[in-house]
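Here's a quick tour of a protein chain for someone meeting it for the first time. Take a look at the sequence and the fold, then read on.

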Amino acid sequence: MTHLLERSAEAKEFAEMIARLRHGSGGALLVEGKAGVGKSRLLSEMRAQGTDAGLRVLSARASQMESAFTFGIVRQLFEPLLMTAMVSERGELWSGAAEPAKKIFSTDQKSTIGEFAVLHGLLWLTLNLCEAGPVVLLIDDLQWCDEPSLRFLAYLIPRLGEVNALLVTTRRSGEPATDEHLMLQIVGHPDVAVLAPQPLSAAGTAALVQDAFPEAEDTFVEACHQATQGNPLLLRELIRTAKALGIAPTAPSAPQVIELGPHAVGRLVSARLDRVSPAAQALAHAVAVLGDGASLGTAGALAGQSADTSLGALEDLERLDLLHPDLPTTQEDPTARMGGVGFVHPLVRTAVYSALPRGEQAAIHGRAAQLLIAADASADQIAAHLLHAPAHGDSLATAILRQAASESLRLGSPAAACTYLRRALEEPPPEGQELAVLLDLAHAALPIDLSAAAAHLSRAWKHPRLTDPLQRAHVAALLGETYHYLQQPQQAAVILDAALDEAETSLPGTSEAEDIKRQVEAIPLLIAGGRTPHRAALTARLPALRLLSPHASLGGYTLDCVIAFHDALAGDPAAVPRARRALTDRLLFGREDAAGTLALGLTVLLLADDATAMTHLDHALDLARRQGSLRTMTTLHTSRALGWLERGQLTEAEQEAEAALDTARTSGVPVLNFWNAAFLAEALIGQGRLDEAEKALHPLLPYTQAPIHLPADVQAHLLRARRRYPEAFDAAQTAARIADDIGITNPAYTTWRSEAALALYCMGHTRQAQEFADEELALAQQWNAPRALGRALRITGIVHPGPTRRLENFHQAVDVLCTSPARLEYAHALTDLGTALRHAGRPKDGRTPLRQALDLAAQCQASRLAEHIRAELLAAGARPRRTALTGPTALTPSEQRVANLAVQGATNREIAQLLFVTPKTVEVHLSSIYRKLSITNRKELNKLSLETTQNEKL
């Protein structure tokens, strides 16, 4: 019999993947199939091949009992390495950006760490580990992997192409995952290869049976194949059971074999377990409850046995291939001579566990929890059993569950915290603690399950112990905002009306009370920032709120941001100083509960072309990367995508929008995807990648149902780019209706008027086009921000007849935009001016703005515009270059940051850590920098930088 029966194709695939890994190409492989088909054996084969190739192999195995452990699989992967590494090696592994993830492996550090910081830290732990050579990560039974570890894998897999690591996992098909959303992100990722091992053929079954029974008759072998359908595990269990029961491998035994088959592992295991002593049965039950890896001493104590009895029972179970021991670790305690015990296969453990009556399962779990409490085990170890133990109002159980939840939240795992806190409510908590547990549960649910959070907050709002006016106002503010994200404005309005009425009569006249009152006042305006039929009622208090005196507090600045956003929607320039006031001292920065309103304030500054907006965003994003949640990261990436679009940096905008979509997928809270997909599509349109833009917009269709106008705005632009002008006009009209529902008139935020004007102009409806263009120009003049005003001026120039008016508008647009950060809009204005000069019979005068426009278009990666400009230059009698723009001005903002850090002496790894990318991404940037600057290495980059600095001084 071969080591891997009928698995040569899979073994060959493993060998090829290892060969690619040794040449620097990482990847991911999923081995998926039914229980018992041999996935774990294939994983063992990969382990053997990796070890034989001299690679470092880390492995972990998920189990149902440990699926609630926070980062349980991550710990299994890395802890053995970290515990045995030399001090110097541990220092290297935790160096740089990996350091935040160190908190996962330590119980001493009590500070809370955000999800992104944990995930990025674990990524860098992996990167640091790969510095010494390729690494293979093996995870068995992925379907039982704990949620935080799944989140890390979802974060890691898209980056494996830049990490010298190979991830191989197994998954039992048909088994629900701990988190289906994250599992879909992992197994559905295009970079994950899938192997699906098939059952053994009749010949393979015969080989396995005849290895155990050389004298087996053909009828007996056929019966074994029929009973197990070629499933290797069932076949082996059938063979073991036949031997245990003394069944002869002959034709007359065939009916007995077939009768055993349909009962699968449960019947086969029970048949063998019935043949051992009661002590061995009790030990098997204890291990089934404790889970694989439990120490023999603990399992024996749970079974109520002496050390000698446990050792004897283990030998009986090992002889029947039910349990297997780990390697010896110490000789001092006979019960600890084995590091731990476990079942030969998860299906065997499931069979033993399932055979226990429900009441007995719960009772043993309860005893296990008490045993672990006495042993001073960790809170999550104890809580794992309390989840399955009977509830009986134990105050200690409540305390342990809350402690486990707190630890999970500290490590950035709200899902595990929710599991523990829901069980704590079932206990129930002692008198007076229920409200606190309920509020803890609501806060834990907010980042991952808004519907559940709303239900918990609603229950808290109605709780008889929620009597403190400040606390009631806090709960109302949270509940109102949660209903907003759930698009349930009516429920939010009811709660907030009641809260505001209470605030008028119950809140004390203190600064703290004023702070929370303004937070409550801000929520209706936040809700009214999206499409809702209740907008008029929600904004009714807005005039009075504008008159409030400034209040330097979280609530005061929150309200300022929301008011400023509404004023900006209406094109009121007063919005800008209000937003600046709210952001000046950066009190809103670094707070998850302020991320949404912070983004609104930053949006106001972005729409106003304010020079401080991107500086604020850089600072906020840096804080979020170090301590924030994935939802905060998503929000800030979204804002940066808008910021880069406003500036015309299309590549940067594309990267930010994709980063936002990526973090939204990983977090499972894609609340901003309408914005992100629209921004991504807009960046792709500018680069001439129209099919990709359409694909990005597709998930948002039908855009007529969108809660915001942006998808329809971008759809109008896309259709116009495809010269489908009637459809483009219809999309612009849809955007108009949505914008009107929200109260948006500011052309810096909605382009529907100019899109409608251009579509109509291209259809020959000049007069109607002029009306839309003139209306946009008037609104842009009111807002008076360069980008919006410059665009409106040039669109008006396009659709109005007469060369004099046209040239005048284009000159004005160029003058307005020349000093603004909106480089792409400036390029458009220069292009229109150069084209108009050519049409006016002045082609030589038109060449200068066209050449300048071509440089800007190349800098912005605006290939569609660049091709148009080249055609205009040819028509003007010039010979435009067709090579890419070179020189320092050709560098993108990301390339400029990398170049600056490289000149300062930072290594590739240091640059990667500072910019939160991988070293391979830095290598790609440096290659592009060298090409654009016509150099080949860092030494030349330093020399060029020195010469540039000296020339600037001169």
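## The chain as a whole

Buried residues make up 57% of the 954 residues in the protein chain, where buried means under 20% relative accessible area (1.4 Å probe, protein chains only). This is a predicted model: local features need pLDDT of at least 70, side-chain atom pairs count only at pLDDT 80 or more, and totals for chains, interfaces and linings use all residues. Residues are numbered from 1 along each chain as its sequence is written, and side-chain values use heavy atoms, with hydrogens and water left out.

You'll find 48 helices and 7 strands in the protein chain; these are DSSP runs, numbered from the N terminus, with helices (H or I) having at least four residues and strands (E) at least two. Along its principal axes, the C-alpha trace spans about 105 × 70 × 55 Å.

## Helix H2

Helix H2 covers residues 39-52, so 14 residues, and reaches 20 Å from its first C-alpha to its last. Its buried residues are Lys39, Leu42, Leu43, Glu45, Met46, Gln49 and Gly50. Seen down the H2 axis, they fall within an arc of 155 degrees (taken from the directions from the helix axis to the C-beta atoms), so they line one face of the helix.

What covers them? Helix H1 (8-22) and strands S1 (27-33), S2 (56-61), S3 (135-140) and S4 (165-172) are included. After H2 comes glycine 54, with a positive phi near 80 degrees.

## Alanine 254

Alanine 254 sits in helix H11 (residues 254-260) and is buried, at 7% relative accessible area. Alanine 254 touches Thr219 and Ala223, leaving aside residues up to four places away in sequence; contact means heavy atoms within 4.5 Å.

Note on methods:
Expected span 1.5 Å × (residues − 1). Buried < 20%, exposed > 50% of the residue type's maximum accessible area, 1.4 Å probe, protein only.
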